[in-house]
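Dear colleague,

I am passing on the structure below, which you have not worked with before, together with an account of what was found in it. Please keep the sequence and the 3D view open while you read.

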Amino acid sequence: MLAAVKSLLGHVPLYVALQRGLGADRLRYRCLDELGLAEGDTVIDVGCGPAYYFERLPRVNYFGFDTAPRYIDWARKRWGDRAEFRCEVFGEQHLAEIPPANAVLLLGLLHHLSDEDSRHLLRVAAKALAPGGRVIAVDTCYEPRQGRISRWMSKNDRGEYVREPEAFVALARESFTHVDGEIIDDATRIPSSFWMMRMREPVLATRDA
């Protein structure tokens, strides 16, 4: 049953409807509000999916990356005249092509990546930032306060690397001087626990380091 539900998430309109129905859109809006983006900012959105929250952004210089062609095609049809969507893995090769970012979004991504892949992505995200720029991530997590339903949701998430907050923080501190965050357990309609993590002040100060 659960496997069948997960397989349906590749159908973009159904995925978007499910995100909104469960309240996951409110979780992403909370991350965007946390950044306080301004018109003209450069934003890199890694793992953007169909970017259904794009209308929530001000007029920014937006670059969205995802490896699912259906998601990228869906986003391009809607906002391709206002943003750039790439069906690629975001990496160091893009740093010469994209202006330094005021914000990098990693929304619902790190819990799909191994420690090694998370470290690599966080290093690249740190190098991508403009002075004063920030990275924000939000991921399904395990945490001591969560009840049985919330823990079941964490255990059965599509991500294979759901962690406790301390494990996410430990990975981030290898690339950022300042890391903090908070557990969010009141955003979705089904009891679930998420770790929203804020990162700034890269350990590596320049893109070439």
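Leaving out residues up to four places away in sequence, valine 104 touches Ile44, Val46, Ala125, Ala128, Leu129, Arg134, Val135 and Ile136. Please bear in mind that this is a predicted model. Valine 104 lies in strand 4, and with a relative accessible area of 0% it counts as buried, since the cut-off for that word is under 20%. Although valine 104 and isoleucine 44 are 60 residues apart along the chain, their C-alpha atoms are separated by 4.7 Å.

Strand 1 (residues 42-46) pairs with strand 4 in the parallel sense over three bridges, and the bridge partner of valine 43 in strand 4 is alanine 103. Both strands belong to an open sheet of seven strands with mixed pairing, in the order 3-2-1-4-5-7-6. Strand 3 and strand 6 (176-184) stand at the edges of the sheet and have a single partner strand each, so one side of each is left without a neighbour there. On average, and with direction ignored, neighbouring strands of this sheet are turned by 15° against each other.

Two helices that pack on the sheet deserve a look. Helix 3 touches strand 4, strand 5, strand 6 and strand 7, and its direction makes about 160° with that of strand 5. Helix 7 (residues 165-172) touches strand 5, strand 6 and strand 7, while its direction makes about 15° with that of strand 7.

Helix 4 (residues 69-79) can be read face by face. Its residues Tyr71, Ile72, Trp74, Ala75 and Trp79 are buried, and seen down the helix axis these buried residues fall within an arc of 160°, so they line one face of helix 4. On the other side of helix 4, Arg70 and Lys77 are exposed. The buried residues of helix 4 pack against helix 2 (12-22), strand 2 (61-65) and strand 3 (84-86).

Apart from its neighbours within four places in sequence, tyrosine 62 is in contact with Val43, Asp45, Cys48, Ala51, Phe54, Leu57, Ala83, Glu84 and Phe85.

Note on methods
Residues numbered from 1 in each chain as written. Predicted model: local features only at pLDDT ≥ 70, side-chain atom pairs only at ≥ 80, totals over all residues. Heavy atoms only, no water. Buried < 20%, exposed > 50% of the residue type's maximum accessible area, 1.4 Å probe, protein only. Helix = DSSP H or I, 4+ residues; strand = E, 2+ residues; numbered from the N terminus. Arc of directions from axis to C-beta. Contact = heavy atoms within 4.5 Å. Pairing = 2+ DSSP bridges. Axes fitted to C-alpha atoms, helices over the stretch in contact; angles between N-to-C directions.
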